[in-house]
Amino acid sequence: MFEKGMNMIPGLGFRYFGILIVGLAGLMSAACFAAEPAGGKKFSLVYLVGVEEAELKTGVAAFVEPMFFTDGKELVFVYDYCRRKEESVHTAKVPGLRIPAQLKGKRGLADQEIAEDLEPIRSYCANRRFRLNGEAYKTLNNLGMQVRLGEIAFSGTGKHDYTWYPPEFPDSGTATITGVEGPTYEIPGRSKFWGPKHFFLASRNSSLLAELTPVRRTDDKEFQRFVERANTYGNGQKGMSIPTCLSRNPKNESCSPFSKYSTDGRAKFVSAELGFGPMMLGDVDGDGLTDAIVGLRAFQEPVPIANSKRTERLLWSATAFLLGNGNSFHIARVNLIQVWPSGFYYYMPLALLRMGGCSYMITSSESLEKDLLFLAQPKESGGCANLRTLKRVENVD
């Protein structure tokens with residue numbers, strides 16, 4: 001269950017419905033999932049690159065995950081594309097298999113519409129092992145930073161477990177950073193935060209990448225002011241339990257409290273140490289001022305589980321929005337964890353994206369399904385709807 005800040009901008013709300021996402025189609029904008037184009041439009045593949053090391057430097061490891069195809073105006077998620085593309089193959093192996101329409105998006109892509117990476121994405125959809133020349137890809141984030149990548153290796157097995165809706169996908173690819181360009185900023189204590197601390201979008205289409213990634217130029221003084229604000233805000237909010245509403249309709253007051261954890265447990269948790277995740281700058285609310293989007297996380301030291309040899313940690317994970325006008329809010333999740341999640345699959349800001357006249361903050365949840373959420377900024381509207389895709393979905397039929 002997700003939580004949201006009391007002062008959250010209307011339209012950012014959403015609810016996690018479990019393994020099957022009922023009503024997924026309602027989140028997808030007709031502007032982003034239109035009918036098959038008749039012209040010669042080409043769609044480039046955009047990847048997400050994440051780095052766990054606090055210091056960006058040559059030799060550190062990165063992971064690479066294909067996310068979506070776009071021509072700069074329309075979007076087709078990779079996971080949805082693969083399900084649509086591979087459905088007939090798996091239906092032949094498992095008669096009666098039906099992949100829910102909500103998991104395939106509103107449209108697919110013909111081969112001639114894909115500008116580059118057609119062969120790699122075929123291997124990805126088939127869960128096969130393959131490699132990419134990392135030097136062919138440009139990267140960029142919202143601070144204007146870039147990294148160069150060495151060879152990118154994907155370790156697919158070629159196998160499929162039909163307890164999950166096919167196709168299965170390889171784990172995120174791995175690469176080594178061969179160079180760093182652009183400004184770098186220090187965040188005290190960032191190394192305490194486990195998991196990726198830097199994210200980039202990547203593509204072979206460098207001009208398209210620049211259009212998709214709004215870069216907010218800043219200096220170290222302004223950046224550090226946002227770091228201080230994030231630290232103050234996070235220490236004041238960590239461990240708090242905030243109701244989550246069942247609807248984005250502001251007139252719907254049907255909210256249920258997040259009551260899984262006792263008040264005493266949360267009180268102990270408030271003293272947990274705060275860590276920083278990814279940080280990006282941009283104009284989220286369109287007032288011309290610089291805003292910050294910051295990943296924050298706090299967790300307790302491992303505590304024993306009653307009548308068990310295992311331990312668990314109470315974890316608070318949040319995406320905080322620190323607006324240039326002084327207002328702040330967050331969307332967050334509290335969770336009991338016994339193993340660390342890996343890759344980008346936890347509730348953190350990944351990138352700020354500009355596409356088709358809409359701006360999106362990309363994030364994800366810690367769910368087993370490994371979903372990507374594109375939250376329209378500053379709020380969802382008819383022309384700029386929230387979008388979602390899932391990498392793994394259990395077949396419960």
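Tutor: Start with one rule: rings of Phe, Tyr and Trp pair if their centres lie within 6.5 Å. Keep in mind that this is a predicted model.

Student: Which residues do ring pairs link into a cluster with Tyr79?
Tutor: Apply the pairing rule to ring centres within 6.5 Å. Ring pairs then join a cluster made up of Tyr79, Tyr124, Phe130, Phe154 and Phe169.

Student: How many aromatic pairs are there by this rule?
Tutor: The cut-off on ring centres is 6.5 Å. By that rule, the count is 12 aromatic pairs.

Student: Is the pair of Tyr47 and Tyr137 stacked or edge-to-face?
Tutor: The ring centres of Tyr47 and Tyr137 are 5.4 Å apart. Planes over 60 degrees apart count as edge-to-face. The planes here stand at 85 degrees, so the pair is edge-to-face.

Student: How many residues apart in sequence are the parts that this pair of Tyr47 and Tyr137 ties together?
Tutor: Tyr47 lies in strand S2 (residues 44-51). Tyr137 lies in the loop between strand S5 (129-132) and strand S6 (138-140). The parts tied together are therefore 90 residues apart.

Student: Is Tyr47 buried or exposed?
Tutor: Buried means under 20% relative accessible area. Tyr47 has 3%, so Tyr47 is buried.

Student: What is the angle between the planes of Tyr79 and Phe169?
Tutor: These two rings form an aromatic pair, 5.3 Å centre to centre. The pair links helix H1 (residues 78-93), where Tyr79 lies, to the loop between strand S8 (152-155) and strand S9 (173-181), where Phe169 lies. Tyr79 is buried at 0% relative accessible area, and Phe169 is buried at 10%. The pair is tilted, with an angle between the planes of 40 degrees.

Student: Which residue has its charged end over the ring of Trp164?
Tutor: The charged end sits 3.9 Å from the centre of the Trp164 ring. That end belongs to Arg392.

Student: Which residue gives the backbone oxygen 3.0 Å from the side chain of Thr213?
Tutor: Thr213 is in the loop between helix H3 (206-212) and helix H4 (220-237). Thr213 is buried, at 3% relative accessibility. A polar atom of its side chain lies 3.0 Å from the backbone oxygen of Leu209.

Student: How far apart are the end C-alpha atoms of H4?
Tutor: H4 has 18 residues. At 1.5 Å a residue, they should span 26 Å. The value in the model agrees with this: 25 Å.

Student: Which parts do the buried residues of H2 pack against?
Tutor: Helix H2 covers residues 118-125. Its buried residues are Pro120, Ile121, Ser123, Tyr124 and Cys125. They pack against S2, strand S3 (61-70), H1, S5 and S8.

Student: Which residues have the most contacts inside the largest nonpolar core?
Tutor: That core has 79 residues. The residues with the most contacts inside it are Phe69 and Phe374.

Student: How many residues are in the other core, with Val284 and Tyr347?
Tutor: This core lies apart from the largest one. Met361 and Leu373 are also among its members. It has 12 residues.

Student: What share of the protein chain counts as buried?
Tutor: The secondary structure comes to five helices and 21 strands. The chain has 397 residues. The share that counts as buried is 55%.

Notes
Residues numbered from 1 in each chain as written. Predicted model: local features only at pLDDT ≥ 70, side-chain atom pairs only at ≥ 80, totals over all residues. Heavy atoms only, no water. Phe/Tyr/Trp six-rings, centres within 6.5 Å; stacked < 30°, edge-to-face > 60°. Helix = DSSP H or I, 4+ residues; strand = E, 2+ residues; numbered from the N terminus. Buried < 20%, exposed > 50% of the residue type's maximum accessible area, 1.4 Å probe, protein only. Lys NZ or Arg CZ within 6 Å of the ring centre and 35° of its normal. Polar contact = N/O pair within 3.5 Å; in protein donor to acceptor, adjacent residues only side chain to side chain. Expected span 1.5 Å × (residues − 1). Core = buried A, V, L, I, M, F, W, Y, C linked by side-chain atoms within 4.5 Å. Contact = heavy atoms within 4.5 Å.
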